[in-house]
Amino acid sequence: ISPPLVPPPPPPSPLSPPPLAPPVSPPPLYPPPPLVPPPPRLPLPPTPPPLVPPPSQPFPAPPPPPPYPPMAPPPPAAPRALLTRYIRKSCTTRVQGIVGTGLTFKDTIRCYQGYEAMVGVEGSYSECRRGQSVLLLHFKLPDIEASHVTTVELVLTIVEQSLGGVSASLYGLGQRGREMYDILKAQAAKDFFVGLDDPTPSATLIEHLVFGSGITKFPHQISYSSAKLRAYITAEILAGGIGRYIALRLNSPDDGGCSLNCRCNKWRYTLQPNAILKIYVPKSPPTPPLPPPSPLPRPPSAPAMPPIPPDPPAPPLFPPPPRSPSPRPPPPPPSPSPPP
């Protein structure tokens, strides 16, 4: 294919203006600076050899830790016949938390005197008022020495379950006062907690699992005793708790979805509100009779003192007046002798 033919440009018309000459730049005002040759380029430093990691060597295995010494067996518990038992019944109060409503302290005038107390979920489904409930158990400590406490036992009675029940943790919440009015007034929002680890400084974890779900036979009695419970009770006695109430809390370690939904499932246990705390101390042995007093040795007798001579009579203050000699009367005449 031949390229298309391009017509040649037309010849200039005699009437067209002559082409303009290219503009001429004026001479520079100042002469250009002289050209300075660039400085010579410094030689580049030699390239260091590439770093080659040393061949990996296996680290020696650390020596195994020394075996722990075997724990000494606990001292044998004294027979119950040789122990004195202090029994304290709980003053129970109930606290419930509902989504969007807050906390409800159900016992603020007196301790709960009903038949049943619940741990877990309770409330109305239709009114959207379901939430987690916890129990506060208040016990008055007896007047005993902390070092004499040998065993502490908490007795709980479960009477009913719903949907298999829930697990429960046991916390100590500290001292509350000497009278029932004091413990009811001391209830606060920090007493309510559902979960595994309460960050409140005044809450002391005693046991993660006091009882679990799945209990089917009722009434079901639980007797909980441990070294942690004994240590907590003795610590409160040493902190001035004699004659004062302390608070223990039973709460579920699982929220059960109630923090997001006010119509959560009723996972719960129903307990008798009168829990029992038993504190055992050794019986004081009978005091033996005192031995008869031994005669005290007599000190050696001192030598007899010589008799003290009587004091001489004191001289008279004034001399007696001189005595004048009185004439002596004549002797009587001799009596006549009788005739022969």
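Which hand, left or right, does the link of Cys258 and Cys264 have about the S-S bond? With 95° about that bond, the link is right-handed.

This is a predicted model, in which local features need pLDDT of at least 70, side-chain atom pairs count only at pLDDT 80 or more, and totals for chains, interfaces and linings use all residues. Residues are numbered from 1 along each chain as its sequence is written, and side-chain values use heavy atoms, with hydrogens and water left out.

A disulfide is a covalent bond between the sulfur atoms of two cysteines. Here it is taken as a pair of cysteine sulfur atoms within 2.5 Å. The structure holds three.

Start with Cys91 and Cys111. Their sulfurs are 1.4 Å apart. The S-S torsion is about -70°, so this disulfide is left-handed. Cys91 sits in strand β2 (residues 91-98), while Cys111 sits in the loop between β3 (102-105) and β4 (117-122), so the pair ties together parts 20 residues apart in sequence. Strands are DSSP runs (E, at least two residues), numbered from the N terminus. Both Cys91 and Cys111 are buried (under 20% relative accessible area, 1.4 Å probe, protein chains only).

Next comes the disulfide of Cys128 and Cys262, S to S 1.2 Å. Cys128 is in the loop between β4 and β5 (131-140), and Cys262 is in the loop between β10 (245-251) and β11 (268-271), so this pair ties together parts 134 residues apart in sequence. Cys262 is buried, at 13% relative accessible area.

Now return to Cys258 and Cys264. Their sulfur atoms lie 1.9 Å apart. Both cysteines, Cys258 and Cys264, are buried.

Count the bonded cysteines along the chain, and the pattern reads 1-2, 3-5, 4-6.

Technical notes:
Helix = DSSP H or I, 4+ residues; strand = E, 2+ residues; numbered from the N terminus. Buried < 20%, exposed > 50% of the residue type's maximum accessible area, 1.4 Å probe, protein only.
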